[in-house]
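Please keep the structure in view while reading.

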Amino acid sequence: MAIGDAHGDIPRDSAATNRMQSIIADMEQELTGDSLDPAVSALGYLLESDQRLNHLCVSMFAETKELVRAGRAHPAYLAIGNIEILMRLFDYILTRSPEWEDADSPNNLRGLPFNLVLMVLMETPSGRQLFKQATVNEHLRLVLKRWAQFLDSPQSLYALNAKDGWLSRSALAKLEDVANSPTEARQNFTDIFECPDPTDPNTFGFASWDAFFSRTLKPGVRPTPSREILVERAGYAVLNACESRPWQIARHPLGYSAEIGLNLKGKSYSVRSMLDNDPLSEHFVRGTVYQAYLSALSYHRWHSPVSGVIRKILYIDGTYFSQLPMSDILSMEKSQNYLAAVATRAAVFIDAADQRVGLICFVGVGMGEVSSCEAFVKAGDYVEAGDEIGSFHYGGSTHCLLFREGVNVQFEPWAEDQRRENNIPVRSLLARCFA
């Protein structure tokens with residue numbers, strides 16, 4: 001099967017689409033008669049055999065061609081012209097780690113190869129319908145689970161090399177810049193993060209790609225605020241749960257979407273939707289929502305914003321490649337509010353020890369193939385503010401903190417600054433709550 005070449009003018013997002021061309025070229029060289037991975041094969045069979053889904057696929061490929069002809073998509077996407085080619089691309093990615101790209105552009109989709117392949121397809125009208133289908137997402141979950149197994153294996157380590165991989169000089173410089181920027185410190189990667197064997201330049205002793213990506217901080221790197229700040233000042237202190245950049249604060253939202261004008265075809269995505277209509281969601285529908293973004297280069301572990309007892313943990317199945325319709329390579333990032341209500345996610349409810357906070361909820365949202373949200377705690381566990389409670393895997397993500405109705409939440413100035421370019425340090429002071 002020859003995929004063929006794509007020709008034409010290259011739009012501004014050439015860094016990402018050049019990577020797309022590279023993936024296609026590499027896959028074409030390795031094509032054999034071998035069968036596809038069973039999870040990929042099952043997804044392909046579903047798309048071929050289900051008449052409605054097949055029709056959506058045919059329309060999606062045709063609409064992609066129209067986007068290319070209109071100059072709104074890179075000609076490389078003409079190569080993905082049918083289900084077989086798309087499945088071959090998926091199968092190829094399953095045994096590939098996300099590779100480091102030395103690019104300064106914010107359009108760089110480091111760590112999101114599936115999103116890169118689907119970037120244009122899921123923006124077409126038919127693609128938006130296709131990737132909302134429950135049966136499609138059930139099969140995508142199995143495909144991504146297979147990829148997660150590879151990323152958790154020693155075979156994934158080839159991307160962690162000192163020559164041109166994630167441990168190269170340029171990569172470490174970027175990772176250190178992101179890690180140092182919240183505190184303006186100047187520390188090396190091995191000073192900031194726990195590395196099993198920092199003398200090995202190609203792996204730093206990490207056992208797999210995911211072990212590197214979900215790395216832990218060294219003790220003392222992100223200390224909690226002093227007792228004077230936490231206890232002796234007015235209001236109950238709430239800590240930053242993720243090292244992240246502020247995205248939005250919505251007060252008394254009823255529907256989170258109503259506050260921000262997110263209404264697609266008459267459907268409003270609400271706090272109830274975010275929490276999968278769990279009975280505990282009623283505590284938050286008129287409360288406050290704080291949302292922040294983690295880039296692919298950020299530290300990806302979650303820390304408890306308060307001291308208290310874990311009330312409940314929800315793992316909510318959702319979509320993987322559904323986003324707002326916009327001709328923008330950053331549409332995944334700009335879709336964060338929508339994704340908080342529809343994407344695969346985890347919710348951790350905590351009964352704070354201080355009644356000025358009471359019940360609070362952390363929601364970790366998987367964006368694209370960042371579908372693995374793992375909680376390290378269980379219902380009934382007691383946690384101190386700042387304790388590690390879970391982690392994202394494989395890429396950039398978004399998260400929310402939900403405060404109850406009636407809680408007077410006063411955020412620190414840095415949490416209110418949506419133009420902030422640097423992350424807020426994890427475990428630092430985020431807000432104070434008053435009765």
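Among contacts in the chain (heavy atoms within 4.5 Å) between residues at least 6 apart in sequence, 78% link residues at least 24 apart. The model is a predicted one, in which local features need pLDDT of at least 70 and side-chain atom pairs count only at pLDDT 80 or more, while totals for chains, interfaces and linings use all residues. Residues are numbered from 1 along each chain as its sequence is written, and side-chain values use heavy atoms, with hydrogens and water left out.

The chain contains 16 helices and 15 strands; these are DSSP runs numbered from the N terminus, with helices (H or I) of at least four residues and strands (E) of at least two. Of its 435 residues, 58% count as buried, that is, under 20% relative accessible area with a 1.4 Å probe, protein chains only.

Strand S13 (residues 397-403) illustrates such burial, since seven of its seven residues are buried. On one side lie Ser397, His399, Leu401 and Phe403, and on the other Thr398, Cys400 and Leu402. Strands pair if DSSP finds at least two bridges between them. S13 pairs with strand S5 (residues 288-294) in the antiparallel sense over seven bridges, and seven bridges also join S13 to strand S9 (residues 359-366), again antiparallel. Ser397 in S13 stands opposite Leu294 and opposite Gly366.

A separate element to trace is an open sheet of three strands in the order S1-S15-S14, with antiparallel pairing. Strands S1 (236-239) and S14 (408-411) each have a single partner strand, so one side of each is left without a neighbour in the sheet. Four bridges join S14 to S15 (residues 429-434), and Gln410 has Arg432 in S15 as its bridge partner.

Among the helices, the axes of H2 (residues 38-49) and H3 (residues 51-69) come within 5 Å and cross at roughly 95°; axes are lines fitted to C-alpha atoms over the stretch in contact, and angles run from 0 to 180 degrees between N-to-C directions. H2 is therefore roughly perpendicular to H3, a term covering 65 to 115 degrees. Leu46, Leu47, Glu48 and Ser49 of H2 meet Gln51, Leu53, Asn54 and Cys57 of H3.

Finally, the largest nonpolar core has 73 residues, and those with the most contacts inside it are Phe90 and Phe212. Such a core is a set of buried Ala, Val, Leu, Ile, Met, Phe, Trp, Tyr and Cys residues joined through side-chain atoms within 4.5 Å. A second, separate core of 34 residues includes Ile249, Phe362, Phe403 and Val407.

Key: Parallel < 35°, antiparallel > 145°, perpendicular 65-115°, else oblique. Buried < 20%, exposed > 50% of the residue type's maximum accessible area, 1.4 Å probe, protein only.
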